[in-house]
Amino acid sequence: MPRIGFDNVYYAKLLTDDIAACKATYGPLKRLKGAIKAGVEHSSDSATLDSDDHVSDIVTGYGSTSVTLDLRDLTPEAACDLQGHTLSAAGGVIRSAADNAPFVALVYRSLKSDGTYQYCVLYKGKFQLVGSNAETKKKGGVTFQTPSLKGDFIARDCDGRYEYYVDESPESAEEIESWFDQVPEAMAA
């Protein structure tokens, strides 16, 4: 089914990605209000093997995922959380050359044309610095300027997972009931 909507965008800081324990842990989910649009592009790496004067094998593997989020607004707290900045006592954003964006998970859902949702989580990524635009009001109209976030997501070290999505159905009802309580993990079949 085609997707016709996008809402309920959350993020959570990745606290641990432990290979030895084969476990990832996250902080609490925090909402990014005002979802407008998400662009998610997966890239892969591919290699071919030539033998007997032709291509005899192709191996393709996951590379990374690029994400662009358009939001109604990006609060100072969210900007600090996602980009490693410091929140001032007055509620402003202090940017420093030493800032380092933390790894985060991104959780959201998309409305499909049949009225059901697809639920998605990207497990490990960092968001880049965002700029801002400002434009004068024009006679007879207003042009909205909204923030865009750009991020790159990769596979977790502990288990190699980079994304999980599930469509709303009777089989997924239990799982999606708590989708926005914490970073979702796939239930075993």
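The legends below describe close-up views of one predicted model.

Residue numbers start at 1 along each chain as its sequence is written. In this predicted model, local features need pLDDT of at least 70 and side-chain atom pairs count only at pLDDT 80 or more, while totals for chains, interfaces and linings use all residues; side-chain values use heavy atoms, with hydrogens and water left out.

**Figure 1**
Helices (H or I, at least four residues) and strands (E, at least two) are DSSP runs, numbered from the N terminus. Along the sequence the pattern is β-β-β-β-β-α-β-β-β-β-β-β-α. The C-alpha atoms fill a box of roughly 70 × 45 × 40 Å, taken along the principal axes. The chain has 189 residues, and 33% of them count as buried. Buried means under 20% relative accessible area, exposed means over 50%, and partly exposed lies in between (1.4 Å probe, protein chains only). Contact means heavy atoms within 4.5 Å. Among contacts with a separation of 6 or more, 62% join residues 24 or more positions apart.

**Figure 2. Strands β1 and β2 form a hairpin.**
Strand β1 covers residues 7-18 and pairs with β2 in the antiparallel sense over four bridges. Two strands pair if DSSP finds at least two bridges between them. Asp17 stands opposite Ala24 in β2. Four residues lie between the two strands, and Cys22 in the turn has a positive phi of about 50°. Strand β2 spans residues 23-26. Ala24 and Tyr26 make up its covered face, while Lys23 and Thr25 make up the uncovered one.

**Figure 3. Asn8 and Asp53 have positive phi values.**
Most residues other than glycine have a negative phi. Asn8 has a phi near 50°. Asn8 belongs to strand β1 and is buried, with a relative accessible area of 15%. Asp53 has a phi near 65°. Asp53 sits in the loop between β4 (35-51) and β5 (54-71). Asp53 is exposed, at a relative accessible area of 85%.

**Figure 4. The largest nonpolar core has 20 residues.**
A nonpolar core is a set of buried Ala, Val, Leu, Ile, Met, Phe, Trp, Tyr and Cys residues joined through side-chain atoms within 4.5 Å. Leu32, Leu69, Leu74, Leu82, Leu106, Phe127 and Leu149 have the most contacts inside the largest one. At least two residues of this core come from each of β1, β5, α1 (76-83), β8 (104-111), β9 (117-127) and β10 (148-153). Apart from this core lies another, of 19 residues, including Ala12, Tyr26, Val107 and Tyr117. Leaving out residues up to four places away in sequence, Leu106 touches Val9, Tyr10, Val67, Leu69, Cys120, Val121, Leu122, Phe127 and Phe153.

**Figure 5. Leu82 is a buried residue of helix α1.**
Its relative accessibility is 0%. Beyond neighbours within four places in sequence, Leu82 is in contact with Tyr11, Leu32, Leu74, Ala101, Pro102, Val104, Phe127 and Leu149. Leu82 and Ile58 are 24 residues apart along the chain, and their C-alpha atoms are separated by 37 Å.

**Figure 6. The largest pocket has a volume of about 340 Å³.**
On a 1 Å grid over the protein atoms alone, a pocket is an open set of points where a 1.4 Å probe fits, with protein on both sides within 12 Å along at least five of seven lines; lining residues have an atom within 4 Å of a point. Grid points are joined across faces, edges and corners, and a volume is the space filled by probe spheres set on the points. The lining has 14 residues, and Gly131, Ser132, Thr146, Pro147 and Ser148 lie nearest the centre. Five lining residues are nonpolar, seven polar and two charged. Ala, Val, Leu, Ile, Met, Phe, Trp, Tyr, Cys and Pro count as nonpolar, Asp, Glu, Lys and Arg as charged, and the others, Gly among them, as polar.

**Figure 7. The second largest pocket has a volume of about 210 Å³.**
Its lining has 14 residues, with Arg3, Val40, Tyr108, Ser110 and Gln118 closest to the centre. β4, β8, β9 and β11 (163-167) each supply at least two lining residues. β4 gives the most, with five residues. By class, this lining has six nonpolar, five polar and three charged residues.

**Figure 8. Met1 is found in the segment before β1.**
Met1 is exposed, with a relative accessible area of 64%. Leaving aside neighbours within four places in sequence, Met1 is in contact with Lys112, Ser113 and Asp114. Met1 and Leu111 are 110 residues apart in sequence and 9.6 Å apart in space, C-alpha to C-alpha.
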